[in-house]
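Here are my notes on this model. Please read them with the structure open.

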Amino acid sequence: MVAALLPEDLSKRVQELAKKRPEIDPADIIEVVESVMTSISGDLSAVNLKLYAEIESLARFINQAKSEIAALRPDEIKDEHLATATDELEAIVGSTEQATNQIFEAVEMIESLAPTMPPETSEKITAAVTSVYEACGFQDITGQRITKVVHALQHIEGKVEGLLNAFGQEFQRAPAGAKADGGKKLPPGKTARPDEHLMNGPQRPESAISQDDIDALLGFD
Amino acid sequence: MAAIDMNMPVLIVDDYKTMLRIIRNLLKQLGFHNVDEATDGAAALQKLRDKQYGLIISDWNMEPMSGLQLLQEVRADQNLKALPFIMITAESKTENVLAAKEAGVSNYIVKPFNAATLKTKLTSVIGNF
């Protein structure tokens, strides 16, 4: 009767054991097996409960994170702020180039007058003009630094876009009239250049090497 | 050493027109008036194959072909491999200089640079003028 409480396969094994070892009471075996099964079942329930609690906690955390991210308005960040930032930076490059060209026009005109001056004056004019040319190199460096910033912003924009795509309709998108991406990303199918890893751009003074250091590395002079 | 032909064609390559203008004007002051321009490596390579130049001065960071790629193409071309090639660039890390050296650069000037440095490096590459 007790054996009926056990699963069928275990019951059969207990009966076989009883035949082999008649001195052992089958009821004792069944009692031991039952208590083992009871303890295992109890542990399984505790494990399940703990697991469910962890998953529930994780789900709450994810929902809260989504709410906080949505509050940041990633659609607005991408479609307005980042777009504005890159546009402004590119405008800076354009306007400094325009200003530099104006400087060049004036300086080239002055330089053209140098041969008509007395030698000492001509020499001074040429030296001053050369100094202006050297200084105008700032526009190139500025432009490259700004390009680095623009690339960083585009990278951020890509991450925000990924976030928006991951959460889909949960994050409200900007209205249709919002500024679209200006096509600054790499075209589809375009791969990075082989020397992309060396494209570091202008360095901060504390991390750049000097012309003397370069000469020493090359060992040409 | 043979006298330098001051009328030799020089090709300058940079995607910033301001820099092209600076280099052109400084070369003019040094006596080099026969100067052509290109705004990226690919366009420069085409010019190099269309006309014989005595010197090329190139930026590094350009699209679609960088100055380093241009240098590699020049050194790989039987007709161009001996061409003096000076890199003028804002890339100022050691790894950049070593990469350019390995690719066969004739000399390397870091931006911002001055007229005296340009003259010194030109002299070291093409001789006194």
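This is a predicted model: local features need pLDDT of at least 70, side-chain atom pairs count only at pLDDT 80 or more; totals for chains, interfaces and linings use all residues.

1. The crossing of α6(A) and α4(B) is right-handed.

2. Which residues make this contact? From α6(A) come I214(A), L217(A) and L218(A). From α4(B) come T94(B), V97(B), L98(B) and K101(B). By class, the contact of α6(A) with α4(B) holds 5 nonpolar residues, 1 polar and 1 charged.

3. Now the whole contact between the chains. Chain A puts in 32 residues, and chain B puts in 32 residues. On the side of chain A that touches chain B, four helices each supply at least two residues: α3 (74-113), α4 (119-135), α5 (138-167) and α6 (211-218). α5(A) gives the most, with 6 residues.

4. Next, a strand pair within chain B. β1(B) covers residues 10-13 and β2(B) covers residues 35-38. The two strands run parallel, joined by 4 bridges. V13(B) has A38(B) as its bridge partner in β2(B).

5. How does the chain get from β1(B) to β2(B)? The path goes through helix α1 of chain B, residues 17-30. This β-α-β crossover is right-handed.

Terms used
Residues are numbered from 1 along each chain as its sequence is written. Chains are lettered from A and ligands numbered from 1 in the order in which they are written. Two residues are in contact if their C-beta atoms, placed from the backbone, lie within 7 Å. A crossing is left-handed if the near helix is turned anticlockwise from the far one by less than a right angle, and right-handed if clockwise. Ala, Val, Leu, Ile, Met, Phe, Trp, Tyr, Cys and Pro count as nonpolar, Asp, Glu, Lys and Arg as charged, and the others, Gly among them, as polar. Two strands pair if DSSP finds at least two bridges between them. A crossover is right-handed if, with the strands pointing away from the viewer, the path from the first strand over the helix to the second runs clockwise.
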